[in-house]
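This report describes selected local features of one protein model. The sequence and structure are shown first, and the notes follow.

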Amino acid sequence: MNAKKLVTVIALVAIGLATASAQIMTQEQLQTGSDEQLLREWTRVLAHDEFGGRKPMTPYEDKTVNYLAKQLEVMGLEPAFNGSWYQPFEMIAVTAKPDGSRLTVSGKRKSVLHYPDDMIIWTTRATKKIDLKKAEYVFCGFGINAPEYGWNDYEDIDVRGKIVVVMVNDPGFYDSRLFRGRNMTYYGRWIYKFEEAQRQGAAGCLVLHHTEAASYGWHVCVNGHLSDNLGIYHPDTRNADELAVRGWLHEDGCKKLFVAAGMDMDKALAAAKKPGFKSFSLNVRGDVKMNVTYGIQQTRNVGGILRGSGQDGEAVVFCAHWDHLGIGKADERGDTIYNGAADNASGVAGALLVAKKFKEMPRPRRDLLFIFPSSEESGLFGSAYYCDYPAVPMAKTVACLNFESIGPAELTRDVVILGGGESDLDHYYEAAAAAQGRYIYFDDDNSDGWFFRSDHYNFVKKGVRAVVLENGRQPVDASKPNKYPMTVWYHKPCDEYHDDWDLSGTLSNLNLIFSVGLSLSNNL
């Protein structure tokens with residue numbers, strides 16, 4: 001345990017919550033606590049050191065999911081999963097490393113790519129070894145097949161059994177006339193690159209890293225994949241139908257491939273950014289051997305439901321991932337616990353608060369489903385599993401309202417929405433904001449792909465409406481800026497709860513989401 005000073009008990013002393021840090025709030029305490037008090041207490045508890053950063057598949061998972069289930073029960077919700085609060089599923093955690101920490105390739109010349117400076121590779125297969133003999137490397141531009149944009153990097157090329165090399169992001173990042181310009185589409189996400197390569201029958205896919213286009217440096221790729229690469233485990237196939245090799249390719253490593261091919265990398269990348277590009281083989285081959293260790297463990301989504309007065313089985317989903325990063329590398333203070341107070345204890349607390357508000361009012365027409373997915377931080381896996389095996393069919397799911405890192409936030413005149421223009425949800429948010437004397441700002445610069453990086457997007461992929469709400473840019477009181485901006489705490493041990501959090505904007509945003517949910521739950 002680190003030497004961090006424990007967070008002091010907040011103003012909820014007045015309603016008797018100052019004893020055990022993980023105390024479940026009783027119905028009486030729920031009734032007497034103000035919205036702000038409840039939001040602070042739930043956030044404080046879930047971000048406490050004794051929850052160990054809420055990493056899935058650790059003893060801290062049990063503590064977290066049991067806390068949530070018990071709180072939903074006390075609140076008066078029904079279990080969401082056939083009489084259970086939990087939706088278990090299996091995950092595979094893989095650590096893989098190339099033999100000799102290198103890949104040797106040969107074409108017109110020979111090149112050696114070093115791990116992890118030139119490339120970082122892994123697999124999600126349940127196997128002890130990956131052994132590809134003389135694998136052929138193919139350059140496939142952005143690795144995109146997007147008929148609606150008239151773009152197909154896989155046209156007229158057979159990549160079956162080969163390793164495709166593709167660029168991160170999409171063509172709009174480089175030419176505003178293409179795709180949606182700087183507003184990245186899902187085709188730009190590295191996860192999509194793997195998905196499409198698998199659909200095309202490739203043996204592997206290496207995504208060419210570029211700091212600006214990816215919105216993060218090479219160290220993020222390395223630190224995220226040196227060990228414990230996670231995926232949903234399918235026991236019937238042991239994940240044998242997934243890519244044998246996944247990975248990131250540093251620009252220096254990519255240059256080595258092109259040197260081996262006797263080709264000009266810069267010329268190829270420039271051509272790939274323009275319409276009409278044709279993918280091609282590098283005529284470079286090499287063995288890919290990896291020693292693999294893996295483990296299979298169970299994790300759980302948590303869910304509760306409030307039944308509506310209607311009989312059609314439709315539901316509005318409220319979603320907030322419970323997991324964070326656990327215990328890891330120490331920061332400059334020696335703190336090793338990644339408490340995840342803002343990300344996403346605040347979101348879980350916000351969803352609980354909205355559930356409590358709905359429970360205290362007359363039943364709306366539609367059911368209200370509150371889902372707390374696992375493993376968002378490692379790849380949106382909990383929500384992906386839920387969307388494949390939903391408690392309410394996707395065709396009956398009216399919308400997904402996601403709570404992601406909602407606090408702390410100062411009160412602003414505007415509210416930022418990502419994913420606007422895709423559905424009539426825009427009108428619901430505009431009306432709710434107007435009722436608060438605020439307005440919606442539709443952010444059309446999704447160049448970092450933020451819209452695709454939280455649980456709601458798995459619902460979008462299934463055809464369910466969703467947008468992302470963020471705090472605005474125009475503070476009501478500019479003399480009191482946010483003391484804890486996201487750039488300071490994101491995915492760091494210093495993401496801790498503080499009594500001096502400004503929650504004025506957070507509470508307004510929660511009321512806005514509540515209002516949208518209420519409209520959706522009654523709108524025919």
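## Cysteines

Cys140 has a relative accessible area of 0% and is therefore buried. The model is a predicted one. The cysteine sulfur closest to that of Cys140 belongs to Cys205, and the separation of 8.5 Å is too far for a bond. Across the whole structure, a search finds zero disulfides. Cys494, by contrast, is partly exposed, because its relative accessibility is 26% and the buried class ends under 20%.

## Helix H6

Helix H6 spans residues 218-225, and its buried residues are Trp218, Cys221, Val222 and His225. These residues lie on the same side of H6, because they cover an arc of only 95° around the axis. In general, an α-helix has 3.6 residues a turn, so residues three or four places apart point the same way.

The face of H6 turned away from the buried side carries the exposed residues His219 and Asn223. The buried residues of H6 pack against two strands given by their ranges as S5 (119-122) and S11 (229-232), and also against helix H4 (190-199) and strand S12 (245-249).

Helix H10 covers residues 381-388. Seven of its eight residues are buried, so H10 is largely enclosed by the rest of the structure. The buried residues are Phe381, Gly382, Ser383, Ala384, Tyr385, Tyr386 and Cys387. Their packing partners are strand S2 (86-98), S11, strand S13 (280-306), strand S17 (367-372) and H12.

Leu380 lies in the loop between S17 and H10. This residue is buried, with a relative accessible area of 11%. Its phi is near 60°, a positive value in a residue other than glycine.

## Asp414 and its contacts

Asp414 is located in strand S19, which comprises residues 414-418. With a relative accessibility of 2%, Asp414 counts as buried. Apart from neighbours within four places in sequence, Asp414 is in contact with Arg438, Tyr439, Tyr441, Gly472, Arg473 and Gln474.

For Gln474, the backbone nitrogen is 2.9 Å from a polar atom of the Asp414 side chain. Glu332 is 82 residues from Asp414 in sequence, and the C-alpha to C-alpha distance between them is 36 Å.

## The second largest pocket

The second largest pocket holds about 530 Å³ of space. It is lined by 29 residues, of which Arg180, Glu422, Phe451, Phe452 and Tyr457 are the closest to its centre. H4 and helix H12 (456-461) each contribute at least two residues to this lining. H4 is also a packing partner of the buried residues of H6, and H12 is one of those of the buried residues of H10.

## Backbone geometry

Most residues other than glycine have a negative phi, and most peptide bonds are trans. Ser101 has a positive phi, near 55°, and is placed in the loop between S2 and strand S3 (102-106).

Two cis peptide bonds may be noted here. One joins Asp343 and Asn344, with omega about 10°; Asn344 lies in helix H9, residues 341-359. Another runs from Gly407 to Pro408, with omega near 0°. Pro408 is in the loop between strand S18 (397-402) and S19, the strand that also contains Asp414.

Key
Residues are numbered from 1 along each chain as its sequence is written. This is a predicted model: local features need pLDDT of at least 70, side-chain atom pairs count only at pLDDT 80 or more; totals for chains, interfaces and linings use all residues. Side-chain values use heavy atoms; hydrogens and water are left out. Buried means under 20% relative accessible area, exposed over 50%, partly exposed in between (1.4 Å probe, protein chains only). Helices (H or I, at least four residues) and strands (E, at least two) are DSSP runs, numbered from the N terminus. The arc is that of the directions from the helix axis to the C-beta atoms. Contact means heavy atoms within 4.5 Å. A polar contact is a pair of N or O atoms within 3.5 Å; within protein, one must be able to donate a hydrogen and the other to accept it, and residues adjacent in sequence count only if both atoms are side-chain atoms. A disulfide is a pair of cysteine sulfur atoms within 2.5 Å. On a 1 Å grid over the protein atoms alone, a cavity is a set of points where a 1.4 Å probe fits but cannot get out, and a pocket is an open set with protein on both sides within 12 Å along at least five of seven lines; lining residues have an atom within 4 Å of a point. Grid points are joined across faces, edges and corners, and a volume is the space filled by probe spheres set on the points.
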